[in-house]
Amino acid sequence: MKRVKLTVAYDGTNYCGWQVQSNGLAVQQVLNRCLSELLGEKIATIGASRTDAGVHALGNVAVFDTACRMPADKISYALNTRLPADIRIQDSVEVPSDFHPRFQQTIKTYEYKIYNRRFPDPTKRLYTYFYYYPLDVELMRQGAAYLVGEHDFKSFSTYKPEVESTVRTIYALDIRKSEDDVITIRIQGNGFLYNMVRIIAGTLIRVGGGYYPPEQMKTILDGKNRELAGETARPEGLTLVEIRYPEYQNL
């Protein structure tokens, strides 16, 4: 028996999210089915990040245990021939049997993309959030600076009773605007609460639009009240870019 780690990329448009659930088709459900067919045994993956419906990923992580003799690094190639075009394995590697994608120390990177111009571009509709009103990127950067470091992010999360602590650390939060009018919010941290990145994005949109002064981000943090922050931004603008495991530099 060996444990295999997969790096999974997917377009989340047609899925109800990562995790298997009863109300629609999930990425994990497709992955489990294709792995089971490929390896001839029942496979149940464990995912690192339970992305929501419509959210995309370039580097989500999943592990599974298997008795198959196929080398771990070859599984990615074989599995990609069975997966639909909107899910692709980027890497497969054998890991220690006690490696768990959610319980190890992690560094996660997300990007939230806002298409900020007068009229939408239909070719960008699946991967950016279209926002009509002008946004001041410099104001957004000033507001974002208050979130860097270790804080209680209760104001920036949707309540989940099973979550014991709402304290998280943001290592970096960068905002840039490209020539094609896409504003990218890139955020890196040791973990994120439910809807945290999308709520941060929705609140920074209010700052960029002049509805909140940048320093209000600190007031929202200190208030520890979800009602103080902005709306939860739409899912299509969000992509899980990468999950790194500092204890396992070669994985």
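In this predicted model, phenylalanine 192 is tucked away: its relative accessible area is 16%, under the 20% cut-off, so it counts as buried. Its ring pairs with that of tyrosine 110, and the arrangement is edge-to-face, with 5.3 Å from centre to centre and 85 degrees between the planes. Tyrosine 110 belongs to strand β5, whereas phenylalanine 192 sits in the loop between β9 (182–189) and α4, so the contact ties together parts that are 82 residues apart in sequence. Tyrosine 110 is buried as well, at 8% relative accessibility.

A second pair also involves β5. Here the rings of tyrosine 115 and phenylalanine 130 have centres 6.4 Å apart and planes at 55 degrees, so this one is tilted. Tyrosine 115 comes from β5 and phenylalanine 130 from strand β6 (residues 129–131), so the parts joined are 15 residues apart in sequence.

Three elements, β5 (107–116), β8 (167–177) and α4 (196–208), each give two or more residues to the lining. The largest share is that of α4, with three residues. By type, the lining divides into 16 nonpolar, 11 polar and eight charged residues. Tyr194 has a further contact to report: lysine 160 lies over the face of its ring, 4.4 Å from the ring centre.

As for α4 itself, the helix has 13 residues and reaches 18 Å from its first C-alpha to its last, close to the 18 Å expected at 1.5 Å a residue. Of these 13 residues, 12 are buried, so α4 is largely enclosed by the rest of the structure. Among the buried ones are Met196, Val197, Ile199 and Ile200, along with Arg198 and Thr203. After the helix comes glycine 210, whose phi is positive, near 85 degrees.

Key. Residues numbered from 1 in each chain as written. Predicted model: local features only at pLDDT ≥ 70, side-chain atom pairs only at ≥ 80, totals over all residues. Heavy atoms only, no water. Helix = DSSP H or I, 4+ residues; strand = E, 2+ residues; numbered from the N terminus. Nonpolar A, V, L, I, M, F, W, Y, C, P; charged D, E, K, R; others polar. Expected span 1.5 Å × (residues − 1). Buried < 20%, exposed > 50% of the residue type's maximum accessible area, 1.4 Å probe, protein only. Phe/Tyr/Trp six-rings, centres within 6.5 Å; stacked < 30°, edge-to-face > 60°. Lys NZ or Arg CZ within 6 Å of the ring centre and 35° of its normal.
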